[in-house]
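Please read the following report alongside the sequence and the 3D view. It begins with one group of aromatic side chains and then widens to the whole chain.

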Amino acid sequence: MSVTTKLGDDFLRIPKLDAAGTNWVVYRDRFLLSIDACGLGEHLDGTGEAPTNPHPAPTDGSLQMLTAEEKLAVAEYVKANKLWKQEEAIIYQQLVSTIPDTLFLKTRLLPTVEAICNIPNHSCHSPFPVHHRLNLLRRSQSIPGKPHGHRY
């Protein structure tokens with residue numbers, strides 16, 4: 001999905017997550033709302049997938065001859081992959097700018113936003129009880145009374 005609307009600071013403003021997690025519910029709901037407003041929820045809930053190169057380069061160093069149709073497919077992949085990475089970066093920036101620094105340091109090397117939201121509880125040895133709550137972003141359930149598919 002293309003993000004064509006200019007996203008201002010006020011539009012995506014969510015509170016900073018308290019290190020003790022006291023504002024978790026408000027944080028989670030506002031974070032999910034901001035991501036859904038951008039149309040990027042599939043990055044968190046696992047329904048979206050990064051594009052796959054239809055003709056990856058050979059790993060043995062040999063040359064690969066592609067037909068015009070195959071070259072077009074690769075060019076489309078490159079465009080789709082660039083968009084996917086841009087969307088991931090939007091969510092990642094929104095997330096890391098609002099979580100405690102100790103949590104950021106534990107998540108900064110993970111490859112995708114979905115991976116960050118699925119941090120196993122046992123892998124985070126932090127005095128902050130909020131470390132295991134990121135995985136709840138992905139697993140948030142629909143709330144009764146809200147339209148189907150809404151997580152907030």
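Ring pairs join Trp24, Tyr27 and Phe31 into a cluster in this predicted model. Rings of Phe, Tyr and Trp (its six-membered ring) are taken as a pair if their centres lie within 6.5 Å, and planes under 30 degrees apart count as stacked, over 60 as edge-to-face and the rest as tilted.

| Aromatic pair | Centre to centre | Angle between planes | Class |
|---|---|---|---|
| Trp24 and Tyr27 | 5.9 Å | 35 degrees | tilted |
| Tyr27 and Phe31 | 6.0 Å | 15 degrees | stacked |

Trp24 and Tyr27 are about one helical turn from each other, because they stand three residues apart in helix H1. Tyr27 and Phe31 also both lie in helix H1, four residues apart, which is again about one turn of the helix. Helices (H or I, at least four residues) and strands (E, at least two) are DSSP runs, numbered from the N terminus.

The surroundings of Tyr27 can be described through contacts, meaning heavy atoms within 4.5 Å. Leaving aside residues up to four places away in sequence, Tyr27 touches Ile14, Pro15, Lys16, Leu17, Leu95, Thr98 and Ile99.

A nonpolar core is a set of buried Ala, Val, Leu, Ile, Met, Phe, Trp, Tyr and Cys residues joined through side-chain atoms within 4.5 Å. The largest such core has 17 residues, and those with the most contacts inside it are Tyr27, Phe31, Ile35, Leu44, Ile91, Leu95 and Ile99. Helix H1 (24–37), H3 and helix H5 (113–116) each supply at least two residues of this core, and H1 gives the most, with five residues.

With 18% relative accessibility, Val74 counts as buried, and its contacts, not counting residues up to four places away in sequence, are with Asn53, Pro54, His55 and Leu66. The C-alpha atoms of Val74 and Asn53 are separated by 6.5 Å, although the two residues are 21 apart along the chain.

Taken as a whole, the protein has six helices and zero strands. Of its 152 residues, 31% count as buried. Among contacts between residues at least 6 apart in sequence, 57% join residues at least 24 apart.

Confidence is given by pLDDT, the predictor's confidence in each residue, from 0 to 100. The mean pLDDT of the protein is 75, and 69% of the residues reach 70 or more. Among the elements, helix H3 (residues 68–96) has the highest mean pLDDT (93) and helix H6 (residues 134–139) the lowest (53). Over residues 121–132 pLDDT stays under 50, and the model has 21 contacts beyond four places in sequence for this stretch. Where pLDDT is low, the predicted coordinates should not be read in detail.

Residues are numbered from 1 along each chain as its sequence is written, and side-chain values use heavy atoms, with hydrogens and water left out. In this predicted model, local features need pLDDT of at least 70 and side-chain atom pairs count only at pLDDT 80 or more, while totals for chains, interfaces and linings use all residues.

Key. Buried means under 20% relative accessible area, exposed over 50%, partly exposed in between (1.4 Å probe, protein chains only).
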